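Please view the sequence and the structure together while reading.

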Amino acid sequence: MTFRRTLLAAALLLPLPALAQDVPAPTPTPTPKPATQKVAIDTSFGRIVLELETERAPITARNFLRYADQKRLDGIAFYRTVKVADKFGFIQFGIDNDPKRILPPIKHEPTTQTGVKHVNGAISTARLAPGTARGEFTISVGDQPSLDADPSKPGDNLGYAAFGKVIDGMEVVWKILDAPTSPTAGEGVMKGQMLSPRIRILKVSRIP
């Protein structure tokens, strides 16, 4: 009995690791990053680099890449700036209904489906009704959740289809946002938002 009490007392004096070895926690398997494609927009103001969400927003990203690969965006322009506040608003570029550049409209991919939100630097496809988007694009300056889909709202609540973001060249985007506009050009809500002069896009190309 005395011997057992001595062993118990000795055990209580030992540090915990001596009584039981720590079992290492299993290393979590890293979640693979969704596939993306980098694209450069070379403008007369400088280069903007985009990262397109080819896996999360495949239809919308593929549409942009089709325009880029077929050189339909080379030689077009940024033609609109909507500056709400300093470094907040959006800029717009596109084929401007040029029949020689236009491709068929694409299915709408809402942000609730893709998870690609209108954060600062997001590139999105302009549209009228869902399913009418073609070759007009915007770049957000500042987070703009109001452009995301919101099923709680009435009517057309599908928002716009964001499909990537600027990863380099936001200073070029800011410069375009601040560029001068014509006080008379544009119709309706777009009056006063048309860039004058327009900012030329030299080429749009994939980056390996």
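Which residue is the bridge partner of Phe90 in strand 6? The partner is Ser140. This is a predicted model, in which local features need pLDDT of at least 70 and side-chain atom pairs count only at pLDDT 80 or more, while totals for chains, interfaces and linings use all residues. Residues are numbered from 1 along each chain as its sequence is written, and side-chain values use heavy atoms, leaving out hydrogens and water.

**The barrel**
- In the order 1-2-7-5-6-4-3-8, 8 strands close into a barrel with antiparallel pairing.
- On average, neighbouring strands of this sheet are turned by 35 degrees against each other, direction ignored.
- Strands are DSSP runs (E, at least two residues), as are helices (H or I, at least four), and both are numbered from the N terminus.
- Two strands pair if DSSP finds at least two bridges between them.

**Strand 1 and strand 8**
- Strand 1 (residues 37-43) pairs with strand 8 (residues 194-207) in the antiparallel sense over 6 bridges.
- Within this pairing, Ala40 stands opposite Ser205 in strand 8.

**Strand 6 and its partners**
- Strand 4 pairs with strand 6 over 6 bridges in the antiparallel sense.
- Ile123 has Ile139 in strand 6 as its bridge partner.
- Strand 6 is mostly covered, with 6 of its 6 residues buried, where buried means under 20% relative accessible area (1.4 Å probe, protein chains only).
- Glu136, Thr138 and Ser140 point one way from strand 6, whereas Phe137, Ile139 and Val141 point the other way.

Notes:
Axes fitted to C-alpha atoms, helices over the stretch in contact; angles between N-to-C directions. Buried < 20%, exposed > 50% of the residue type's maximum accessible area, 1.4 Å probe, protein only.
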